[in-house]
Amino acid sequence: MAHAPQNARAAEDVTDRLFTIRDIKVDETSSTASRARETALEKAELQAYQTLLRKLVQEEGRAKLPVLNRNQIQSLITAIEVVDEQSSSRRYLATLNVRFEPGLVSQFLADNNVPHVLSTGQGILVLHGHRRGLTEILWEQDPVIMTARDKVDWVNRIRQYVFARGEISERAAITFREVQSLQAKQAREVAKIYGVRDALMIASDWYRTPYGPVLAYRYLSTDGNMEGEGRIEEVDNEAEAVAAMYEAVLDAIDTAWRGQLLVDTGVEGHLEMLVPTTNLAVLTEVQRKLEEVSLIRAVHTIEIGLPFSRIAFDYTGREEQLQLALRYAGLTLGFYGDERLLAPKSDDE
């Protein structure tokens with residue numbers, strides 16, 4: 001029972017991140033400031049709703065949903081937070097956060113038989129090695145790369161992206177050439193500095209051909225070793241090409257994660273399992289990680305002992321979805337004889 005409030009708070013934090021769309025920027029001009037503000041809010045609500053669906057639902061699921069009017073969208077919203085605003089006699093500018101009611105959104109999607117994500121991904125470090133002619137960019141504050149990053153929505157994603165600062169310890173841990181060759185082991189070492197397990201490595205090359213400029217790229221996410229490659233062509237501006245590359249990579253990662261984390265909210269289950277407890281710290285770590293999994297509820301400890309303790313919990317979705325969610329929280333669910341065994345992932349997994 002002592003762990004129940006922490007579990008509830010953790011689930012609430014995950015849900016808030018998932019169902020809140022942040023940094024919606026509006027800029028409207030009208031005959032009066034109040035009309036400009038009303039138009040801006042209407043556009044912000046629609047943009048936030050569309051962004052939420054792209055975050056929670058696969059493309060084929062979005063195609064099944066009916067078109068909602070403004071009143072229907074507003075019925076799903078619980079709060080609009082004004083982060084920053086400016087207004088004049090005819091113009092309104094603001095940055096807004098729009099929070100949706102999780103239960104209402106989930107019910108709306110369930111009513112239309114559309115599976116959706118109920119869990120966010122863990123943090124991941126971005127390491128981007130970019131070549132421009134003879135110039136090699138990794139730790140440098142390059143204005144083109146910085147402009148490209150600013151064009152991309154990194155916040156409203158399933159994963160939480162972190163950028164390296166380029167401190168001495170990081171520069172010593174991984175080089176430009178190692179990022180370009182997508183060396184996962186070195187990238188994970190840098191990720192540990194930021195308190196995350198994994199890294200997204202991107203290797204790009206901007207060059208010109210007789211037919212125009214080309215941005216060729218490859219990427220690797222060390223979580224699951226997801227990798228891919230692509231080319232951005234017919235884009236003359238380098239910053240716009242890099243931004244288009246970022247969007248393509250993030251969309252591919254989001255699509256893959258959604259495919260693994262989509263939950264059928266009409267399915268539930270209960271599991272009782274062993275936890276290896278050579279010491280109490282292992283059990284505490286497992287309990288802490290379970291707090292990060294939004295599919296799980298009603299966790300309780302049945303027995304504490306050596307070399308095993310026993311716990312149980314209820315969960316939403318199919319068991320294979322639960323296993324994936326546990327893996328992303330740093331846990332593995334397997335067997336010990338005929339019994340289920342839950343343990344922290346090793347660094348080699």
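A residue counts as buried under 20% relative accessible area, as exposed over 50%, and as partly exposed in between (1.4 Å probe, protein chains only). By this criterion Leu-52 is buried, at 1% relative accessibility. The model is predicted: local features need pLDDT of at least 70, side-chain atom pairs count only at pLDDT 80 or more, and totals for chains, interfaces and linings use all residues. Residues are numbered from 1 along each chain as its sequence is written, and side-chain values use heavy atoms, with hydrogens and water left out.

The protein chain holds twelve helices and 16 strands. These elements are DSSP runs numbered from the N terminus (helices H or I, at least four residues; strands E, at least two). The radius of gyration is 23 Å, close to the 20 Å of the globule rule for 349 residues, so the chain is as compact as a globular protein of that length. The radius is taken over C-alpha atoms, and the rule is 2.2 Å times the number of residues to the power 0.38. Along the principal axes, the C-alpha trace spans about 65 × 55 × 35 Å. Of the 349 residues, 46% are buried.

Contact requires heavy atoms within 4.5 Å. Among contacts between residues at least 6 apart in sequence, 69% join residues at least 24 apart.

A nonpolar core is a set of buried Ala, Val, Leu, Ile, Met, Phe, Trp, Tyr and Cys residues joined through side-chain atoms within 4.5 Å. The largest has 58 residues; Phe-100, Leu-109, Leu-200, Met-245 and Tyr-246 touch the most other members. Helix H10 (residues 238-261) gives the most to this core, with ten residues. A second, separate core of 20 residues includes Val-293, Phe-313, Leu-322 and Ala-329.

Leu-52 lies in helix H2 (residues 33-56). Leu-52 and Phe-100 are 48 residues apart in sequence, yet 8.7 Å apart in space, C-alpha to C-alpha. Neighbours within four places in sequence aside, Leu-52 contacts Leu-18, Phe-19, Ile-21, Phe-100 and Val-105. With the same exclusion, the contacts of Phe-100 include Phe-19, Ile-21, Leu-52 and Val-105.

Ile-124 sits in strand E5 (residues 123-132). Ile-124 is buried, with a relative accessible area of 0%. Beyond neighbours within four places in sequence, its contacts include Tyr-161, Val-162, Val-196 and Leu-200. Ile-124 and Ala-36 are 88 residues apart in sequence and 39 Å apart in space, C-alpha to C-alpha.
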